[in-house]
Amino acid sequence: MDDAAGAYVISGPTAVGKGTVVAALKKRYPQVYVSVSVTTRPPRSGEIDGVHYFFVDDPTFDHLIAADGLLEWAVVHGVHRYGTPRQAVQEKLAAGIPTILEIDLQGARQVRTSLPDARQIFIAPPDWAELVRRLHFRGTETEEEMSRRLATARQELAAEGEFDCIIANVTVEKTVDELVKFIGL
Ligand code: 5GP
């Protein structure tokens, strides 16, 4: 059993760098399990089914909900559904493996009921202008999609006080250092 065993929710607005931070953490500490979510969003170029997400159609997602196969799920940015597979997470937790859920605010709120012992971390941008810059720099969304994501981001930033820990993502290395300290890896 790892001292850091337990579930850790990592949330924060679009393009803040959550994915990069989680990937860097996983590289430093391969023993950490990062939950692979299920989504109805189509894959972006380079994304691999079963690695970045399990990409499913709407009926499959409906079935997962009906079978109570998700710890939480939400419609994110008003379009596609995303959810955390229950079984994989419960197996890792039972085996004493530190488990990361990188999910949105709605999911984080549900996890406070479905996994009440999970510690919750909010990754914040250094400031609003930097968040907008990072979203444009990533260049994976249309203008319409970017404005939808920024509208969600405003709401998410307003909720950072709900979290156990807030980390401003200035550099990936520093953010990972702070995460490691908080998780106790
Ligand atoms: P993207 O489409 O850029 O991969 O992800 C969009 C958003 O969905 C991100 O904010 C991410 O945290 C969130 N997300 C990814 N997986 C899940 C999940 O399983 N549940 C919830 N609630 N949100 C998720």
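Which polar side-chain atom lies 2.5 Å from an oxygen atom of the ligand? In this predicted model, in which local features need pLDDT of at least 70, side-chain atom pairs count only at pLDDT 80 or more, and totals for chains, interfaces and linings use all residues, that atom belongs to Tyr82. Residues are numbered from 1 along each chain as its sequence is written, and side-chain values use heavy atoms, with hydrogens and water left out.

Two further polar contacts (pairs of N or O atoms within 3.5 Å) involve nitrogen of the ligand, with a side-chain N or O atom of Glu72 at 2.7 Å and one of Asp104 at 2.8 Å. The protein buries 95% of the 510 Å² that the ligand exposes when taken alone, as computed by the Shrake-Rupley method with a 1.4 Å probe. The shell (residues with a heavy atom within 4 Å) holds 16 residues, among which Ser37, Arg41, Tyr53, Glu72 and Tyr82 come nearest.

The ligand sits in the largest pocket, in the sense that more than half of its atoms lie within 2 Å of the pocket's grid points. A pocket is here an open set of points on a 1 Å grid over the protein atoms alone, where a 1.4 Å probe fits, with protein on both sides within 12 Å along at least five of seven lines, and its lining residues have an atom within 4 Å of a point. About 1,200 Å³ of space lies in this largest pocket, and of its 40 lining residues Lys18, Gly19, Arg44, Tyr53 and Glu102 are closest to the centre.

Terms used: A polar contact is a pair of N or O atoms within 3.5 Å; within protein, one must be able to donate a hydrogen and the other to accept it, and residues adjacent in sequence count only if both atoms are side-chain atoms. Grid points are joined across faces, edges and corners, and a volume is the space filled by probe spheres set on the points.
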